[in-house]
Amino acid sequence: LFNSSRSKQYFAESGTGLSARVSPEGGRPLSIGIIAWYLLVTALVTAAAAILRVPGLLFGAVLTGWVALAWYTAFTAVNLYLGTGLLQLQEPARVASIAYCLTVAANSVVTVLLPDFPGRMRMMQDAFPPFLRWTQQQSLPTDGMWGFALIGALIAVVPIWFLVRCRAAFRR
């Protein structure tokens, strides 16, 4: 089937066929699509965290109760806006995504750098709903706190590189 002359012509023509739909000239770069879908999946995760009443960390502060619910709701809305904006190659969404990623990286690093990181982790562990709470024997390891900061910062900074590198796609 793929070797027939009609199939070869279909895939070889520019402007029509599958090749035009998969990678059109001036289309959305793959990296931007991955970042957009990552933000949309993250929106689902933060919505679930709000529903399950999971505590959050914001620049070293442990958020619980209605404050955490409001934070996760806002976080979900921002992720939805940024993800859909990137999928539509909207320049304001690209710029806001860079600012968002910088904020997430700063949050990760500041949370670890502030004094008493193990204490905040214990507070967070105690604030989890009973069905998600760890037992006392399964306490959170705080020895690898720099790894937490580094991974959090990298997860936030790597998309910035792609968002800056692919800025030309947003000008079309």
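User: Which residues of helix 4 are buried?

Analyst: Buried means under 20% relative accessible area, exposed means over 50%, and partly exposed lies in between, with a 1.4 Å probe and protein chains only. In helix 4, the buried residues are Ala 68, Tyr 72, Phe 75, Thr 76, Asn 79, Leu 82, Gly 83, Gly 85, Leu 86 and Leu 87. This is a predicted model, in which local features need pLDDT of at least 70 and side-chain atom pairs count only at pLDDT 80 or more, while totals for chains, interfaces and linings use all residues. Residues are numbered from 1 along each chain as its sequence is written, and side-chain values use heavy atoms, leaving out hydrogens and water.

User: What span does helix 4 reach from its first C-alpha to its last?

Analyst: Helices (H or I, at least four residues) and strands (E, at least two) are DSSP runs, numbered from the N terminus. The expected span of a helix is 1.5 Å times one less than its number of residues. Helix 4, with 23 residues, reaches 33 Å, close to the 33 Å expected. Just after helix 4, Leu 89 takes a positive phi of about 55°.

User: Which residues touch the most other members of the largest nonpolar core?

Analyst: In soluble globular proteins, nonpolar side chains tend to be buried together. A nonpolar core is a set of buried Ala, Val, Leu, Ile, Met, Phe, Trp, Tyr and Cys residues joined through side-chain atoms within 4.5 Å. The largest one here has 20 residues, of which Ile 32, Leu 39, Leu 86, Tyr 100 and Leu 163 touch the most other members. Helix 3 (30-51), helix 4 (65-87), helix 5 (91-113) and helix 7 (145-165) each supply at least two of its residues, and helix 3 gives the most, with 5. Apart from this core lies another, of 14 residues, among them Ala 49, Val 54, Met 121 and Phe 128.

User: What does Ile 32 touch, leaving aside residues up to four places away in sequence?

Analyst: Contact means heavy atoms within 4.5 Å. On that basis, Ile 32 touches Leu 86, Leu 89, Phe 162, Leu 163, Cys 166 and Phe 170.

User: Does Ile 155 count as buried, partly exposed or exposed?

Analyst: Ile 155, which lies in helix 7, counts as partly exposed because its relative accessibility is 46%.

User: How is the chain as a whole built?

Analyst: The chain has 7 helices and 2 strands, and from the N terminus on its elements run α-α-α-β-β-α-α-α-α. Of its 172 residues, 35% count as buried.
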